[in-house]
Amino acid sequence: MKISGVVESANALPVQVKGCSSFMQYSYRYDGPVGNTSESSPDRRNRIVALHGIHELLAQCTDDQEFLSYCRSNDFYFYGGGWQSWGFGGELSPGEYPKNFGPFLSGLKTYFTFPGRWPEVINGKKTQDKFILKGQFIIYFRWKQTYLVLASTGPIVGMEAELLPPVQYYVDRENKTVAATIYADGKRWKPFELMSQITVFTASTFFALKDGIKKLFGGIDEKRFSMLTFLNTDTKRIKCAGWESWYNHYSNIDEELITKDLENISQTENLITLSYTSKELPAVFQIDDGWEKALGQWQANPEKFPSGMQNLAQKIETAGYIPGIWIAPFIIDYRSEFAQQHKDWILKDERRKPLSAGLNTSWGARWGRHQPSKAHSFFCLDLSRDDVLDYLDRLMEIIIEEWGFRYIKLDFLYAGMLNGRFDQGGAAYQWYDRAIKKLTRRWVNSRGQSVAYLGCGVPFESSFTTLPLSRIGPDTKHDWDDPVLERMHYPARPGAKPNLISTLGHAFWDQSIFINDPDVVFLRTTNISLSDGEKELIALVDKLFASQIMHSDDLIEFNINEQEFTQKIAGWYKALDKQEFGMETIEAGMLVIFSRNGKYCGLINMSEKPFTRTKEEFIQSINYQLGLSLDAETVELKPVVENCLNAGDLFTAERHSISVFKIVQEAVDEEE
C-alpha cells in the first residue's frame, strides 16, 4: 500500500537457501517535500514507511495453494524480536496478545519500549491499542512449521555505506496487516534518500530459518566474529566462557573479596575449571558493577579497591585469565561529583530538563535538588557532543591501555538511543552509531593483545555490526521468576524463566547476527531457590542454544554437593559438545529439540504442567525438521539427560525440565 512521502521498490535477492523461498527485498526511499536546503524538515515522530497484507506477502513467497488456504483460515504464532536485550524475545500463540505493563512505575518502561514518538494511528488503528502486536528488527509469523520472516536488512547496507534507522513493526491480527515504522526522529531527508530495507522470505523448518538469517546477516563481514577468536573455546564456532562477580555478590564487592575469588577459581572443581581452563581453553574473569566510585564516575572506589584497577587486572592476567570489567558508559547518577561538574553533558528533553534514562533506586535520588526528573531516575550523556565523545574515548583508553582489561562489558547501551534535545540536532541512531564505533575501536591494545566487548542492554538492530558478542535476553536470577513483576506483566523482569524464553527465542540469531550471550548458569546450593532440574535446564539451554557460558557462583564457599552437581553438568557438556540444536514449539513453553546431525533429540518443558509426547510424535517432528526417515519402531531413544517419565512409548517431561536422548537404530554404529 502506498505511504505518503515514501516510494517503494522490490527486487529478488540472488540468495538461495535450502528450505527457504526466494528472498524479496523491499526498499523505501524518501519522496516527500523538501525546503530551501534541499532537505526535509526534521522528523518529529517515528515515520511510517510500509504497510502490507500478511497473506499478500506470503503469496509472493509460495504458490502452495493448499498451504495458503490453511493460513487464511488459521491464526499465526508471532515472534516480535525485541527492541533491546531485556525485552521479550519469544513467541505469542495464535489469538494471544502481550499483557500491558501498567502505568505505575513508568520509568521502568524505558528499559523495553521502542524509543521516539510513535505514530498515533496506523491503518485506522491506534498504535497504543492493546490488540496491536509490536516487534522490532526481525519478526516472523508461523503456521505449523512454516515461518514468514520480515528482517530489516538496512544495517547490512550501513556496514558498507549508508547508516539506516531501526525498524518497529505493527501487526494487526484481525485485519492481517503489518506496518513498518522507522525511528529517525530529528532526521532530515534528502530527495530519494534510502530510509529502510526489509527482506521477506519463508522457511519450512527451524534450521531453514536459521540458515536463511545467516545467509542474510552472517556472511557480510566475517571480521565481526574473527575478532573474538582469542576467546574461543571451540573448533567449529565461536564459543566463550568465564566467571563474573555479579550473580552472587552483586554490587557488594571489594578488592579483598575479588582477590579471594580469583585465588579460589583454580583451586576448586568449578564449571570453568572443569570445562575450560583445565583443558587450556581461554576464560574470562570479570569484575562486575560495584567497583566504581559512582555511576558515571568511572574511577575505582578507593575505600573498596585501594590498590586500584590496574593492580587487579594484572593479578587476573597473571592467574591465566582474560581480565574483564563492567561499565555503563552512557548513563550517569545525577548525584555524582562528575555529573555536577558536567551538567551540560547530560541529554535534555524538549523542556530542556535532564532526560530520564530509567529507574533504579540505587542510582538516583527520590527527590530534591539532585533529582531533576522522576523519582530514582538516572540519566544519559548527550552523544552528539564532541567533548562527550572525546571523554568516552579517553575512558576506554584508560580501561584498556592503563588498567589492562581486555573484555569490556558495555551495559545499559539502550540509553544512547533515547530521543532527546541533542546539542547538535539530528537523530539518535546517528549519534549512537558514532559513539559505539568510538568506544569499540580498540580491538588490539598497545601490547598487541586482543580486546573484546560484550554488549548488554543493547539495541539489537543498531549494534550487531559493531558488537558481535552481546546479551540477547533479560537478566537471569537465582529464582525461577519474580512473582511481583510477573503479576505486573513486566517484560524486562529478571528471572530464569523470562531469560530462558529469550535465549530460546533468539537461538536462530546465534552465530549469524550475534555470538549470543545468554547470561549465567547457576550450580550452587546456597543463596538460590532454583531446583536442581531448573539449574540443569538453564545450564543446558545456554550450552545448546547460545554461545557463551558465564558462571557466577561463590568460589570461596564451594562445597562437596556443588562439586558433584558440577561434575554431572560438565559431563553433559562434554557429551553434547559441538552439537548444534534446533527446536519445534508444540505448545507455549513445551518444545521438542534435536541436533542438526540427527544424533540427539529431547524435550524442554518450561510450563507448569507435564508435557507428554508419544514416541511416534517425537520421531515425526524430527523426521520433518531434519528431512530424515526414522522408523519409530526400530529407533531407541537412549537417555543422556533424563528428567522424563518413560512409560512404553510415552515420554512425559517434568515441569521446568530438559531431557536429551541419543537416537540409536538397530545395526547402526553408536560411535560418534
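Me: Before anything else, which residues count as nonpolar, which as charged and which as polar?
Reply: Ala, Val, Leu, Ile, Met, Phe, Trp, Tyr, Cys and Pro count as nonpolar, Asp, Glu, Lys and Arg as charged, and the others, Gly among them, as polar. Keep in mind that this is a predicted model.

Me: OK, how does the lining of the second largest pocket divide?
Reply: Its residues split into 17 nonpolar, eight polar and 12 charged. The lining has 37 residues.

Me: Which of them lie nearest the pocket's centre?
Reply: Trp 246, Asn 360, Trp 363, Phe 412 and Asp 475. By the grouping above, Trp and Phe count as nonpolar, and Asp as charged.

Me: And which elements give two or more residues to that lining?
Reply: For the second largest pocket, those elements are α6 and β16.

Me: How much space lies in that pocket?
Reply: About 1000 Å³.

Me: New topic, rings. How many aromatic pairs are there?
Reply: The count comes to 56. One of them is Tyr 247 with Phe 522, an edge-to-face pair with 6.0 Å centre to centre and 85° between the planes.

Me: Where do Tyr 247 and Phe 522 lie?
Reply: Tyr 247 is in helix α6, residues 246-249, while Phe 522 is in the loop between β26 (520-521) and α15 (532-545).

Me: Is Tyr 247 buried or exposed? What about Phe 522?
Reply: Tyr 247 is buried, with a relative accessible area of 2%. Phe 522 is buried too, at 0% relative accessibility.

Me: What about Trp 291 and Trp 403, why is that pair edge-to-face?
Reply: Their planes stand at 90°, so the pair is edge-to-face, and the ring centres are 5.6 Å apart. The cut-off for edge-to-face is over 60 degrees.

Me: Which parts does that pair tie together?
Reply: Trp 291 sits in the loop between β15 (284-287) and β16 (292-294), and Trp 403 in helix α11 (residues 386-403), so the linked parts are 112 residues apart in sequence. Trp 291 is buried at 0% relative accessible area. Trp 403 has 15% and is buried as well, because buried means under 20%.

Me: Which residues do ring pairs link into a cluster?
Reply: One such cluster holds Tyr 79, Phe 137, Tyr 140, Tyr 147, Phe 217, Phe 460, Phe 464, Phe 508, Trp 509 and Phe 514.

Me: Last one: what lies over the face of Tyr 70?
Reply: Lys 144, at 4.4 Å from the ring centre. Likewise, the charged end of Lys 535 sits over the ring of Phe 565, 5.2 Å from its centre.

Terms used: Residues numbered from 1 in each chain as written. Predicted model: local features only at pLDDT ≥ 70, side-chain atom pairs only at ≥ 80, totals over all residues. Heavy atoms only, no water. Phe/Tyr/Trp six-rings, centres within 6.5 Å; stacked < 30°, edge-to-face > 60°. Helix = DSSP H or I, 4+ residues; strand = E, 2+ residues; numbered from the N terminus. Buried < 20%, exposed > 50% of the residue type's maximum accessible area, 1.4 Å probe, protein only. Lys NZ or Arg CZ within 6 Å of the ring centre and 35° of its normal. 1 Å grid on protein atoms, 1.4 Å probe; cavity = no way out; pocket = protein on both sides within 12 Å on 5 of 7 lines; lining within 4 Å. Points joined across faces, edges and corners; volume = space filled by probe spheres on them.
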